[in-house]
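Trainee: Hi, could you walk me through this structure?
Mentor: Happy to, let's have a look together.

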Amino acid sequence: MATEKEMKLAKNTFDTLCQWLRDEGWKFEADEEKLLVSFGAVGDDLSMNLAVKVNTDLMIVSVYNYLGFNIPENKRADMAIAICAANERLHDGNFDLNLLSGSMLFRMTCSFRESLLGKELMKYLVMTSCVTMDNFNDKFYDFVNDKISFKELVAWIKE
Amino acid sequence: MDKQLKKAREVFEYLCNMCDKMNLNYNKNEDNLAIEFICTGDDLPMSFLVYVEQERQYIGLLSRLPFSTPEDKVVEIALAVTAINYTMPDGHFDFDIDEGNITFKMTSSYRESLLSEEVFQYMMGWALHIVEEYNDKLFMLGKGAIDIKDFLQEISN
């Protein structure tokens, strides 16, 4: 259970995030009780759904950028290998795949323990997640829809 | 000196001071803004590399597991790492599908923000906990001593 001081820091982090989104003109839904913000973004091709959660147990802020489609069961093992190849090449953040449901997301986190996170950091987390997802989602889509093979996907990731 | 490099050096000095306060026996590489140290867990030794990423302005922590995965176990380990990562609120395991190396990684940005000693302590504590939790399981999986179906079932419970 978070202390009063920790809750204050969490609220501060949440408010900074909301203020940055307002400053940048993003349309978003904010749930102050859950400290959760949801919004959409459009990349070069596919749209993206994002959620930013302020976690008071671990004192971290997490950006989740959800892939707009699920990975079919017969492609999940290949996709697990592909995202291992992708994650290893990323500077920050990682792709997560739910092997049971096939849902996939890109995740970034930052700790705010005894720390004041600024708008620049919020921008970094959100924009890096959008750029990374936008870079990969069309290739994942092509793989899921049999437009490229597993070998081609991994070769593209390794380029 | 470049503003980002100056800030990175400040963060690096801050990290070194914290390691001193924690009485950690570490090696530092001032050119790469990185420190290395080893901790002994319940079973396998754990090595840590903490570095300051100057351009992207974050602290990174890497812990490479002391074994590599045989080629015939790449699919199993990829599935296991993916399943573990999905359950993890912070940090993730990287798996090099060509070399078979597994590395735990977590980051925390200091971009125009004030990072505290608690953030570093949290990163260390979390990494130790996660690596200790999974290093022997991934080792056994790579050796074929654990069945991947049982492993995935355990993770999903």
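**Pockets and chain B**

Mentor: The second largest pocket holds about 230 Å³ of space. A pocket here is an open set of points on a 1 Å grid over the protein atoms alone, where a 1.4 Å probe fits, with protein on both sides within 12 Å along at least five of seven lines; lining residues have an atom within 4 Å of a point. The volume is the space filled by probe spheres set on the points, which are joined across faces, edges and corners.
Mentor: This is a predicted model, where local features need pLDDT of at least 70 and side-chain atom pairs count only at pLDDT 80 or more, while totals for chains, interfaces and linings use all residues. Residues are numbered from 1 along each chain as its sequence is written, chains are lettered from A and ligands numbered from 1 in the order written, and side-chain values use heavy atoms, without hydrogens and water.

Trainee: Which helix gives the largest share of that pocket's lining?
Mentor: Helix α1 (residues 3–21) of chain B, with five residues. Helices are DSSP runs (H or I, at least four residues), as are strands (E, at least two), numbered from the N terminus.

Trainee: And how do the lining residues divide?
Mentor: Into one nonpolar, three polar and seven charged. Asp, Glu, Lys and Arg count as charged, Ala, Val, Leu, Ile, Met, Phe, Trp, Tyr, Cys and Pro as nonpolar, and the others, Gly among them, as polar.

Trainee: What about the largest pocket, how much space is there?
Mentor: About 310 Å³. Its lining has nine nonpolar, four polar and two charged residues.

Trainee: New topic: how many helices and strands are in chain B?
Mentor: Four helices and six strands.
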